[in-house]
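Okay, everyone, thanks for coming.

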Amino acid sequence: MKSKDLYLVNLRYIILLLLIKMRYIWRCGMSDKIFEMMLLEQQKVELQCVLASNEKTKQFGVALTEEEAQMLITCRRDVLKNERRVEFGEGILPKLIDAFCDSQYVEKENYADTLAALQEVFYLYKNESMDELTDDELISFMREQFDGVCYGSIEYLGETCLERFIRAVRAGYEDYKVNDNADEYNQFSEEKHWDHKLYLESLWDLLS
Amino acid sequence: MKYSLEELLPLVTKLSKKYTSNESTSVTYEVAEQLMGAILYCINENKKGTMETEEFSSELINYQKNLTAEDAYNAGYELVMKKARRANELNTLIGKNFCAYGNRAYSETVIDGMPEFFKYYDAKFSPQDHLLTLDYPTILPIEGHCGIDAIYLYLQYIALEQKFLSLIPYDQVITALMCYHNEYEELFINICSVVLRHILRHIMNEKGSVEELIASFTDEQLLDYLKNMVKLLVDEKYEGELSLYKYLSEDLKAFILELRSKKS
């Protein structure tokens with residue numbers, strides 16, 4: 001190909017790429033306004049749903065005051081904006097409440113803060129999974145590990161279990177769909193944990 | 001008929017739920033924007049469909065004005081599906097006798113690219129995306145069109161080009177292309193335009209000196225002269241097909257620029 005023709009071909013592609021970038025920048029501005037509107041509409045619905053969940057959670061000794069519910073919804077708005085996600089319907093908070101309210105690591109002193117942290121971690125890893133996981137699959141995994149290897153630490157949950165599991169999902173791992181999350185994390189864990197049998201044997205040795 | 005955001009957002013919510021199969025309560029901004037684009041595209045298709053209908057009347061305009069956003073979207077979606085089916089049929093018809101004359105962009109766009117478009121085109125969640133880069137340039141650009149609209153228009157242009165080229169002996173087409181550039185196979189050029197200009201130059205040469213002819217005409221006169229030549233050609237060989245004449249005529253202004261620049 002003559003250099004002039006090659007130049008024209010390359011110029012055409014450069015112009016096309018520039019136009020795509022300009023169109024993207026314009027659309028980002030438009031999107032934020034539209035999605036803020038969606039958030040405002042949704043907030044009214046969610047406050048009622050969140051407070052309604054107290055009916056179930058009371059039996060486990062945890063409940064949200066209206067202020068705490070409002071705080072959670074405000075946090076949710078900020079996290080959604082940071083993670084560039086938009087929610088519809090009643091949102092994820094009622095599902096998180098339903099999944100975690102009976103956890104032994106959730107107490108009334110830390111209930112609202114725990115939910116806020118779980119919410120943040122949920123949206124972060126929903127994005128990280130590139131939406132490969134459904135809400136239920138992600139929450140189910142989070143609850144399993146929260147009560148298991150994380151011993152109630154959300155920081156540990158985010159920095160180890162979720163980070164590694166989501167990485168595997170992005171790489172094409174799909175066994176979680178049939179395994180129902182049972183011991184899903186073991187194959188991805190990079191930490192050495194106490195085996196229950198080994199723990200008992202060691203304890204017996206120490207005592208004897 | 002313009003719809004407010006308050007009318008459109010519930011549609012986005014509905015479509016988002018279908019998109020996630022009700023398995024997620026949230027989507028990314030990009031997905032929500034894509035789905036909003038899908039809704040607007042279908043609504044626009046419905047509006048265009050109304051304007052183009054043979055029974056266009058004031059009653060139809062009033063009917064359109066009273067349509068809810070959801071009804072307009074649903075009607076538009078049906079039109080998108082219809083257009084996709086028509087485009088697929090046209091693509092099948094083109095594919096039967098298609099010849100790319102060795103040009104890689106022509107072959108890759110139509111033979112390789114088009115079937116992939118119909119395999120992956122998402123009329124429900126991304127009707128505005130035409131997926132292909134459509135590297136082979138047509139005489140009339142498809143800028144301003146997108147989605148199935150762009151593809152259908154593009155295929156109509158390709159069909160016209162193939163009709164034009166099919167009546168010219170293969171060797172003559174190759175000769176015209178080789179005269180243009182001996183590596184025409186790798187260039188992003190419009191085959192039809194190159195061959196048409198070659199034919200017009202040949203006819204002009206038979207009538208006398210092309211340079212003298214160009215010098216004696218203004219641009220408008222030259223355009224009329226060339227349009228008449230194209231009209232005669234289409235009337236004689238292509239049963240006077242108006243759409244073919246209009247398509248080929250669109251190349252003449254650029255041809256005049258080429259003639260003038262070569263002369264200078």
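So, helix H5 of chain A, residues 111-128: it has 18 residues and reaches 25 Å from its first C-alpha to its last, close to the 26 Å expected at 1.5 Å a residue. Keep in mind that this is a predicted model. Is H5(A) mostly covered or mostly open? Mostly covered: 13 of its 18 residues are buried. And just past the end of H5(A), look at A:Met130, which takes a positive phi of about 55 degrees.

While we're in that helix, let's talk rings. A pair of aromatic rings is described by the distance of the centres and the angle of the planes. Over all chains, the count comes to 15 aromatic pairs. One of them is A:Phe122 with A:Tyr123, an edge-to-face pair at 5.5 Å centre to centre, with 75 degrees between the planes. A:Phe122 has 0% relative accessibility, so this residue counts as buried. A:Tyr123 is buried as well, with a relative accessible area of 0%.

Now hop over to chain B for a stacked pair: B:Tyr106 and B:Tyr136 sit 3.8 Å apart, centre to centre, with 15 degrees between the planes. B:Tyr106 lies in helix H5 of chain B, residues 104-120, and B:Tyr136 in the loop between H5 and H6 of chain B, so this pair ties together parts that are 30 residues apart in sequence. Both B:Tyr106 and B:Tyr136 are buried.

Back in chain A, there's also an aromatic cluster, made up of A:Phe100, A:Tyr105 and A:Phe146.

We've got nine helices and one strand, and from the N terminus the order goes α-α-α-β-α-α-α-α-α-α. Chain A has 208 residues, and 39% of them count as buried. If you take the contacts in chain A between residues at least 6 apart in sequence, 68% join residues at least 24 apart.

Okay, chain B again, and a helix crossing. How do H6(B) and H11(B) lie relative to each other? Their axes come within 10 Å and cross at roughly 95 degrees, and angles of 65 to 115 count as roughly perpendicular, so H6(B) and H11(B) are roughly perpendicular to each other. On the H6(B) side you'll find B:Tyr157, B:Leu160, B:Glu161 and B:Phe164, and they meet B:Ser243, B:Leu244, B:Tyr247 and B:Leu248 from H11(B). By class, that contact has six nonpolar residues, one polar and one charged.

B:Asn91 lies in helix H4, residues 69-97, and counts as buried because its relative accessibility is 12%. What does B:Asn91 contact, leaving aside neighbours within four places in sequence? B:Met114, B:Pro115, B:Phe118 and B:Leu155.

At 44% relative accessibility, B:Pro169 counts as partly exposed. From the C-alpha of B:Pro169 to the C-alpha of B:Thr68 is 55 Å, and those two are 101 residues apart along the chain.

That's my tour, over to you.

Definitions and conventions
Residues numbered from 1 in each chain as written. Chains lettered and ligands numbered in written order. Predicted model: local features only at pLDDT ≥ 70, side-chain atom pairs only at ≥ 80, totals over all residues. Heavy atoms only, no water. Axes fitted to C-alpha atoms, helices over the stretch in contact; angles between N-to-C directions. Helix = DSSP H or I, 4+ residues; strand = E, 2+ residues; numbered from the N terminus. Parallel < 35°, antiparallel > 145°, perpendicular 65-115°, else oblique. Contact = heavy atoms within 4.5 Å. Nonpolar A, V, L, I, M, F, W, Y, C, P; charged D, E, K, R; others polar. Expected span 1.5 Å × (residues − 1). Buried < 20%, exposed > 50% of the residue type's maximum accessible area, 1.4 Å probe, protein only. Phe/Tyr/Trp six-rings, centres within 6.5 Å; stacked < 30°, edge-to-face > 60°.
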